[in-house]
Amino acid sequence: MPKLTLRVNRQTHTIDCSASTLLVEALREQLRLTGTHVGCDTSQCGACTVHVDGASVKSCTMLAVEAEGAEITTIEGLADGDKLHPMQAAFQEHHGLQCGFCTPGMVMSAVDLCKRVKAPSEPEVRTWLEGNLCRCTGYHNIVKAVMAGADGMNGGKP
Amino acid sequence: MTAYVRPADLAEATRVLADHPAWMILAGGTDLMVHAQHQPVPVGILDLWRLPGLGGIDARQRDDRSWLRLGAGTTWREVIADARVQHALPNLVAAAREIGALQIQARGTIGGNLGTSSPVGDSLPVWLALGAEIELRSVHGTRTVPYADYCTGYRKTARGVEELITAVWAPVPATGTRLHWRKVGTRKAQSISKVMAAAALALDGDTITAARIGLGAVADRPIRATAIEAALVGRRLGDDAIAAARAALAIAPITDVRSTAAYRHDVAANLIARFVAA
């Protein structure tokens with residue numbers, strides 16, 4: 001099995017990995033970073049969203065070997081120790097989840113949005129989250145959480 | 001064990017493909033990865049993602065015409081953001097906005113959609129309506145093929161096994177040309193198309209002087225509605241053109257898990273009717 005070196009959450013990992021292994025498989029099964037979820041396996045649900053060099057990517061559409069040399073961030077790498085990322089804090093504060101399955105992908109997508117657009121409008125948030133499906137709560141609290149998280153990322157209260 | 005090569009430039013990419021024509025050619029992977037899990041593991045993967053020489057959108061002159069040359073590695077997000085494309089090819093931008101969602105638009109590429117050549121490929125009817133040409137390159141040289149001759153059957157194309165799709169050449173439509181796009185699916189975001197239609201209409205006042213119409217998801221490949229195109233010439237926008245278009249629609253879509261033949265037929269007729277409304 002060939003060796004592959006991945007930078008994930010500011011750490012370097014060397015894993016055994018075939019060229020056909022998906023990034024999400026490497027993250028979950030080799031690195032045991034199971035916060036990144038697989039909902040559909042067909043690039044629709046967005047539960048597997050991670051950041052590759054800062055941009056949100058569905059990690060089931062990418063091979064692990066393609067990520068070599070890139071800086072990958074998963075939901076586990078977002079918090080600073082015990083201190084939640086402002087977007088995570090906003091999801092908690094505004095109850096932007098019910099079962100929680102879609103939440104890691106929602107949070108990762110939202111962080112990417114709010115890095116690109118400092119104060120996104122509600123329609124911008126809804127458009128941006130088209131690629132992330134929630135099957136429990138509907139999207140109302142999620143959108144509220146993302147708007148608050150955007151404030152939090154700009155130094156306001158999440 | 002699957003081999004994996006990320007070439008440094010186009011020359012290396014075409015050499016690798018000449019040596020290994022059966023390898024999987026990977027661009028953004030947004031479609032390929034979904035299918036790959038249900039297919040035999042490929043012998044090798046030629047990864048074209050961010051390959052220098054495959055990106056970029058340039059204005060070009062050729063055959064006394066103005067063209068936009070869009071590199072095959074251009075992502076949908078790059079198409080949407082490009083001011084020249086927004087201005088000259090708004091129906092391509094409209095199609096790009098409805099491909100998957102933002103994460104897919106960030107990885108999916110022009111060349112990938114052409115390579116997969118699905119009958120429901122969202123960008124493909126636009127190339128028919130625009131009269132675009134596909135640039136193919138191998139170690140033996142470069143050629144361009146009109147899109148109408150490129151897709152030859154269900155997921156079959158004129159691309160030789162040693163050829164890479166390197167760009168699309170889209171002629172810049174004459175000023176005043178009306179460009180249209182519409183996709184109908186189960187839901188607005190992220191759905192696989194039931195019917196797609198794209199059109200370019202040249203007008204003299206409100207009389208149609210030329211029409212090109214591309215349809216998707218109504219046949220085994222993207223098709224031109226040539227009978228409607230002919231019937232529309234000389235018709236006035238509005239009831240005159242709508243009646244002519246409806247009478248000339250000749251498609252035989254299939255019934256499948258996503259839709260019925262009758263629904264696809266009627267929706268295709270309605271989309272074209274809207275395009276030629278007053």
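1. Accessible areas here come from the Shrake-Rupley method with a 1.4 Å probe. On that basis chain B exposes about 11800 Å², and carbon and sulfur atoms supply 53% of this area. The model is predicted, and the values below should be read with that in mind.

2. Overall dimensions of chain B. The C-alpha atoms fill a box of roughly 60 × 45 × 30 Å along the principal axes. The radius of gyration is 19 Å, which agrees with the value near 19 Å that a compact globule of 278 residues would have.

3. Secondary structure and packing of chain B. The chain contains twelve helices and 14 strands. Of its 278 residues, 53% are buried. Among contacts with a separation of 6 or more, 59% join residues 24 or more positions apart.

4. Charges of chain B. There are 31 positive and 25 negative charges. The mean position of the positive set lies 5 Å from that of the negative set.

5. Contact between the chains. The size of an interface is often given as the accessible area lost when the parts come together. For chain B and chain A this comes to about 2200 Å², with 57% of it on carbon and sulfur atoms. Chain B brings 27 residues to the contact and chain A brings 29.

6. Residue A:T73. This threonine is found in strand β5 of chain A, which covers residues 71–73. Setting aside neighbours within four places in sequence, A:T73 is in contact with A:N9, A:V50, A:H51, A:L78 and A:M108.

7. Residue B:V172. This valine lies in a loop of chain B, between β10 (164–171) and β11 (178–184). B:V172 has a relative accessible area of 31% and is therefore partly exposed; that class runs between the 20% and 50% cut-offs. Not counting residues up to four places away in sequence, B:V172 touches B:S66, B:W67, B:L68 and B:A88.

8. B:V172 and B:Y263 are 91 residues apart in sequence. Their C-alpha atoms are 34 Å apart in space.

Notes
Residues are numbered from 1 along each chain as its sequence is written. Chains are lettered from A and ligands numbered from 1 in the order in which they are written. This is a predicted model: local features need pLDDT of at least 70, side-chain atom pairs count only at pLDDT 80 or more; totals for chains, interfaces and linings use all residues. Side-chain values use heavy atoms; hydrogens and water are left out. Helices (H or I, at least four residues) and strands (E, at least two) are DSSP runs, numbered from the N terminus. The radius of gyration is taken over C-alpha atoms; the globule rule is 2.2 Å times the number of residues to the power 0.38. Buried means under 20% relative accessible area, exposed over 50%, partly exposed in between (1.4 Å probe, protein chains only). Contact means heavy atoms within 4.5 Å. Lys and Arg count as positive and Asp and Glu as negative; His and the chain ends are not counted. The place of a charge is taken as NZ of Lys, CZ of Arg, CG of Asp or CD of Glu. Buried area is the accessible area (1.4 Å probe) that two parts lose on being put together, summed over both.
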